Amino acid sequence: MTTNATPLSAGAPGPAGTAGPAGTAAVSRSSRSSRKAHKTARDWRGWKFMGPFALVFLFVFIVPLVYAIYTSFFQSRLVGGEVFVGWDNYARLMKDAQFWSGVGRVVQFTVIQVPIMLILAAAFALALDSLRLHGMRFFRVAVFLPYTIPAVVATLMWGFIYGSKYGLVGNINDLFGWNLDLLDHNVILLSLTNIVTWEFTGYNTIIFFAALTTIPRSLYEAAAIDGANEFRVIRAIKLPELKGSLVITIIFSIIGSFQLFNEPQILQAMVPGNTITTYFTPNMYAYNLSFLGGQANYAAALAIVMALLTMAVAYLVQWRSLRGQMK
Amino acid sequence: MTVSLKPAPVPRSRSQRATVSRSRRGILYGPNNPKKSITLTVLAGFFIVYCLFPLAWLVINSTKSQQDFTSTFGLNFGKSFALFDNISEVFSYQDGIFGRWLLNTVIFVVVGAGGAVLLSVAGGYALAKFRFPGKRAIFLIVIGAVSVPGIALAVPQFLLFAKMGLTNTPWAVIIPSLIQPFGLYLMWIFAGQAVPDELMEAARMDGAGDGRTFFQVALPLLPSGIVTTALFAVVATWNNYFLPLIMLKDQSWYPLTIGLNQWNKQGGVAGGESVQNLVLTGSLITIVPLIIVFILLQKYWQSGLAAGAVKE
């Protein structure tokens with residue numbers, strides 16, 4: 001039922017008004033053919049509702065993106081102002097060791113953090129879905145709470161807890177005579193992994209749990225009749241169901257990790273000296289280049305390369321299954 | 001137009017009854033009502049402790065004076081109970097700027113997230129219920145744009161907004177907040193499931209225009225979708241850090257997130273006053289409203305996300 005015009009208005013002038021069975025038959029036939037004609041006609045009415053979103057989207061996404069591509073081919077010079085330089089910014093980026101060290105760091109972060117988070121989330125979702133937990137409702141809400149905490153507050157809390165001076169880690173060191181330092185540059189990436197995992201595991205849990213609840217429970221009864229134990233049910237029924245939402249959560253987690261910015265940027269003020277450099281992640285590098293270094297053009301080129309890298313990785317992780325959702 | 005669908009009575013076959021074991025107290029256990037497991041509860045409990053312990057730490061340390069904070073054990077209360085002193089100091093420090101930050105955050109949320117919900121609901125309805133030229137392109141562009149790093153947009157957004165004189169005004173934060181791709185996606189799925197074509201057709205037969213059909217037929221069918229979309233838009237806007245960081249210079253326009261970070265950084269600067277007790281108490285004040293909203297509206301967002309998962 002996608003054609004919505006009133007059938008009679010657009011139809012060929014039928015013999016309306018003629019009474020009798022022949023007349024009604026003619027009307028219904030003409031209305032059917034007009035309906036068919038409308039299926040091929042362009043129906044613009046959806047734009048009445050899509051329009052506002054599309055307009056703002058154009059203004060805050062598309063125009064800036066096109067502008068970023070444009071500016072990435074320029075350089076601002078003391079003499080001559082904005083000068084067209086072709087691919088110079090990109091060529092410089094390819095040889096920029098600071099940029100690539102940042103890329104390497106977020107890749108390393110992604111490889112460690114995303115699997116830990118998603119495995120924890122899937123395990124917790126399966127525990128919720130098993131219906132074997134005492135206090136289900138409490139668990140469901142409590143696991144989601146960290147997601148509602150702003151990155152700023154999450155990072156400040158963990159930053160204080162990590163602190164070896166008067167943080168919790170410092171307390172523990174005093175107590176046991178240890179020398180733990182979770183803000184040391186050797187482990188800072190793992191400390192960040194912990195913060196991000198804390199923030200987003202609950203969110204992914206709820207997504208997985210929602211996917212699991214769509215399985216009809218009669219299936220479990222049938223499996224029980226066939227003598228399948230719980231692990232068998234998880235392997236044969238639940239995990240395959242999780243696969244669909246897994247693709248989406250992986251893609252969004254990778255996108256998030258590649259854009260890592262808030263947590264290291266906030267933590268920077270809480271760690272000694274150069275533990276978190278200005279080029280720690282590509283996003284931090286771009287931010288510092290454009291807002292503190294006055295190199296907006298170079299930062300634009302950097303941002304575009306990162307966007308392409310992110311999209312390439314997302315595509316590798318099965319972009320197609322997302323597209324498959326389009327009817 | 002409501003068709004009541006009564007669930008068919010489930011026949012209890014003999015074999016099915018065999019899978020249901022009866023406990024000594026006479027409770028029926030089965031795949032749909034399994035025996036609760038203490039081991040599993042304890043294991044899951046460990047993870048919940050991990051989720052809640054930083055929040056507990058925050059609550060405990062919000063009750064300490066600055067002196068107690070630096071001198072007493074982190075998971076224990078201080079010598080004095082200073083929560084209320086801290087709260088009143090948070091609101092009076094630096095001429096009460098915190099109250100201004102709170103107000104700014106509320107403005108950003110009401111206008112930004114509120115507008116985002118309107119745009120998402122209308123857009124999702126269009127995607128679910130109409131075929132129109134460019135629909136496929138919209139889908140691909142929106143999904144593609146999500147993977148563009150925020151910074152790739154932020155730099156040119158900043159330059160464009162600066163040219164239009166919008167930087168350092170609330171609009172620089174509000175306008176980009178109006179686009180929530182996840183909200184559009186949720187509403188698209190919701191409208192597809194909850195608004196029957198037949199009902200729209202019937203409204204049209206009765207002479208209702210597109211606008212009236214949307215407001216009087218479709219919207220009343222979408223409460224949990226709208227609440228879910230609104231909650232996620234509120235979280236995104238309330239917690240926004242990056243956008244206000246680059247767009248706002250004047251601290252009287254700061255939201256809570258930027259303000260708190262500024263207070264925290266000021267202790268690290270030479271000659272700056274350390275006000276960690278205010279940072280912590282301010283953080284607590286920042287997170288409490290959202291936690292309350294999520295607990296109160298849990299029914300909505302949980303069923304909302306469940307519906308969103310159907311399509312995945």
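Analyst: Among contacts in chain A between residues at least 6 apart in sequence, 65% join residues at least 24 apart. In chain B, 71% of the contacts between residues at least 6 apart join residues at least 24 apart. The model is predicted, with scores of ipTM 0.85 and pTM 0.84.

User: What are the helix and strand counts of chain A and chain B, and what share of each chain counts as buried?

Analyst: Chain A has 15 helices and two strands, and 41% of its 327 residues count as buried. Chain B likewise contains 15 helices and two strands; buried residues make up 42% of its 312 residues.

User: Why is A:Ser290 called buried?

Analyst: The criterion for a buried residue is 20 or more other C-beta atoms within 10 Å. A:Ser290 has 24 such atoms within 10 Å and is therefore buried. The residue lies in helix H13 (residues 282-292) of chain A. Leaving aside residues up to four places away in sequence, A:Ser290 touches A:Gln295, A:Ala296, A:Ala299 and B:Val155. A:Ala300 is ten residues from A:Ser290 in sequence, and their C-alpha atoms are 8.3 Å apart.

User: What makes A:Leu131 partly exposed, and what is noted about its phi?

Analyst: A residue is buried at 20 or more neighbours, exposed at 12 or fewer, and partly exposed in between. A:Leu131 has 16 C-beta neighbours inside 10 Å, so it counts as partly exposed. Its place is in the loop between helix H5 (97-129) and helix H6 (136-144) of chain A. Phi of A:Leu131 is near 65°, a positive value in a residue other than glycine. Most residues other than glycine have a negative phi.

User: Why are H4(B) and H14(B) called roughly perpendicular?

Analyst: Two packed helices are described by the angle between their axes and the distance between the axes. The axes of helix H4 (residues 83-129) and helix H14 (residues 276-296) of chain B cross at roughly 100° and come within 9 Å. Angles of 65 to 115 degrees count as roughly perpendicular, and H4(B) and H14(B) are therefore given that description. On the H4(B) side the contact is made by B:Asn86, B:Ile87, B:Glu89, B:Val90, B:Tyr93 and B:Phe98. The H14(B) side supplies B:Asn277, B:Leu278, B:Thr281, B:Gly282 and B:Ile285. The residues of this contact divide into six nonpolar, four polar and one charged.

User: What makes up the contact between chain A and chain B?

Analyst: The contact takes 94 residues from chain A and 92 residues from chain B. Helix H2 (residues 38-62) of chain B gives ten residues, the largest share of the side of chain B that touches chain A. That side divides into 57 nonpolar, 24 polar and eleven charged residues.

User: Which domains are assigned in chain A, and how do domain 2 and domain 3 meet?

Analyst: The domain assignment gives domain 1 (7-40), domain 2 (46-84) and domain 3 (95-323) in chain A. The C-alpha centres of domain 2 and domain 3 of chain A lie 30 Å apart. Seven residues of domain 2 are in contact with six residues of domain 3 in chain A. On the domain 2 side, the elements that give two or more residues are helix H3 (46-71) and strand S1 (74-77) of chain A. The residues of that side divide into three nonpolar, four polar and no charged.

User: How confident is the predictor in each chain, and where is the pLDDT below 50?

Analyst: Chain A averages a pLDDT of 81, and 84% of its residues score at least 70. Over residues 1-38 of chain A the pLDDT is below 50; beyond near neighbours in sequence, this stretch has 26 contacts in the model. The mean pLDDT of chain B is 83, with 87% of its residues reaching 70 or more. Among the elements of chain B, helix H1 (residues 14-19) has the lowest mean pLDDT (45), and helix H7 (residues 171-177) has the highest (94). Residues 1-19 of chain B have a pLDDT below 50, and this stretch has ten contacts beyond near neighbours in sequence.

Key
Residues numbered from 1 in each chain as written. Chains lettered and ligands numbered in written order. Predicted model: local features only at pLDDT ≥ 70, side-chain atom pairs only at ≥ 80, totals over all residues. Contact = placed C-beta atoms within 7 Å. Helix = DSSP H or I, 4+ residues; strand = E, 2+ residues; numbered from the N terminus. Nonpolar A, V, L, I, M, F, W, Y, C, P; charged D, E, K, R; others polar. Domains from an automatic or database assignment. Axes fitted to C-alpha atoms, helices over the stretch in contact; angles between N-to-C directions. Parallel < 35°, antiparallel > 145°, perpendicular 65-115°, else oblique. pLDDT = per-residue confidence, 0-100.
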